[in-house]
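This briefing is meant for someone meeting the structure for the first time.

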Amino acid sequence: MADTSTQSIIIGASPDRVAAVICDFPSYPEWAEAVRRAEVIEEYEDGYASQVRFTLDAGVMADEYVLAYEYAEDISRIEWHLVAPSKMQRSQRGSYDLVGNADGTTTVTYTLEVELSVAMLGMFRRKAEKMIMDAALKQLKRRVEAPGAAQETRPSSR
C-alpha cells in the first residue's frame, strides 16, 4: 500500500525560475544528492521532458527507474508517475505545485506517493519519507536561490 506525503517550502524566486530548475533534469546530479544520473529519454514537441530515467544511490537504497511527466499549461503543476516497477518501487506518483506570492517568492508544495517493493516498518518508512521530502525541497531551494542559478530557460506558457 502506498502512503502519500506532502510538504511545502517558500523559495526566493519566481515560479518560472523554480520550474526551470525542476525541468532541467540533466542537472539534477549537480544538486540533488542522491541522484547519480538523470537522462531525458523522451520529449514532448515543445521540448519538455515526457520521460526521464533516474539512477539513484542513497546509500542503503539504490535504484534505477523511469518517470513519465505531465505539465500544467502555465507550468504551475508538474506531476509524474513511475512507468514500470523498479528494483525498489512498485509505484510512484508525485507532483510539484508552484504558487507565486506577492513578494516575488514561490510556495512549492511537493507531494509524493511511493509503494516500495521491499518491506519496511511503518515508522521507518515515515521517517525515510520525511527525510526524502526535506532533502528534496531544501536542495531545490538551495539550487534555485544560488547565485548564478539557472534562469528561466523555457517559455512560461506552453
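Gln 89 counts as buried in this predicted model, because its relative accessibility is 2% and the limit for a buried residue is under 20%.

**Around Gln 89**

- The side chain of Gln 89 makes a polar contact of 3.2 Å with the side chain of Asp 63, and a polar contact of 2.6 Å joins it to the side chain of Gln 92.
- When residues up to four places away in sequence are not counted, Gln 89 touches Asp 63, Tyr 65, Leu 82, Val 114, Glu 115, Leu 116 and Ser 117.

**The sheet and the helix across it**

- Seven strands form an open sheet with antiparallel pairing, and their order is β1-β7-β6-β5-β4-β3-β2.
- The edges of this sheet are β1 (3-11) and β2 (35-43), each of which pairs on one side only, and neighbouring strands are turned against each other by 20° on average, direction ignored.
- Strands of a sheet pair through backbone hydrogen bonds, and the pairing can be either parallel or antiparallel.
- One of the pairings joins strand β3 (residues 49-57) to strand β4 (residues 62-71) in the antiparallel sense over seven bridges, and Thr 55 has Glu 64 in β4 as its bridge partner.
- Helix α1, made of residues 15-22, lies across β1, β5 (77-82), β6 and β7 (106-116), and its direction is at about 155° to that of β6.

- Although Ile 11 and Lys 138 are 127 residues apart in sequence, their C-alpha atoms are 9.3 Å apart in space.
- Leaving aside neighbours within four places in sequence, the contacts of Ile 11 include Val 18, Thr 105, Thr 106 and Val 108, and also Leu 140, Lys 141, Val 144 and Glu 145.
- The largest nonpolar core has 39 residues, and among these Phe 54 and Leu 140 touch the most other members.
- Leu 140 is in contact with Ile 11, Val 18, Val 21, Ile 22, Trp 31, Tyr 96 and Val 108, again not counting residues up to four places away in sequence.

**Aromatic rings**

- A search of the whole structure finds 13 aromatic pairs, and one of them, formed by Phe 25 and Tyr 69, is tilted, with 4.6 Å from centre to centre and 50° between the planes.
- Because Phe 25 lies in the loop between α1 and α2 (28-31) while Tyr 69 lies in strand β4, this pair ties together parts that are 44 residues apart in sequence.
- Both partners are buried, Phe 25 with a relative accessible area of 0% and Tyr 69 with a relative accessibility of 5%.
- The rings of Tyr 28 and Trp 31 also make a tilted pair, since their centres are 4.9 Å apart and their planes stand at 55°.
- Tyr 28 and Trp 31 are separated by about one helical turn, because they are three residues apart in helix α2, and each of these two residues is buried.
- Ring pairs link a cluster whose members include Phe 25, Tyr 28, Trp 31 and Tyr 69, and also Phe 54, Tyr 65 and Tyr 96.

Methods. Residues numbered from 1 in each chain as written. Predicted model: local features only at pLDDT ≥ 70, side-chain atom pairs only at ≥ 80, totals over all residues. Heavy atoms only, no water. Buried < 20%, exposed > 50% of the residue type's maximum accessible area, 1.4 Å probe, protein only. Polar contact = N/O pair within 3.5 Å; in protein donor to acceptor, adjacent residues only side chain to side chain. Contact = heavy atoms within 4.5 Å. Pairing = 2+ DSSP bridges. Helix = DSSP H or I, 4+ residues; strand = E, 2+ residues; numbered from the N terminus. Axes fitted to C-alpha atoms, helices over the stretch in contact; angles between N-to-C directions. Core = buried A, V, L, I, M, F, W, Y, C linked by side-chain atoms within 4.5 Å. Phe/Tyr/Trp six-rings, centres within 6.5 Å; stacked < 30°, edge-to-face > 60°.
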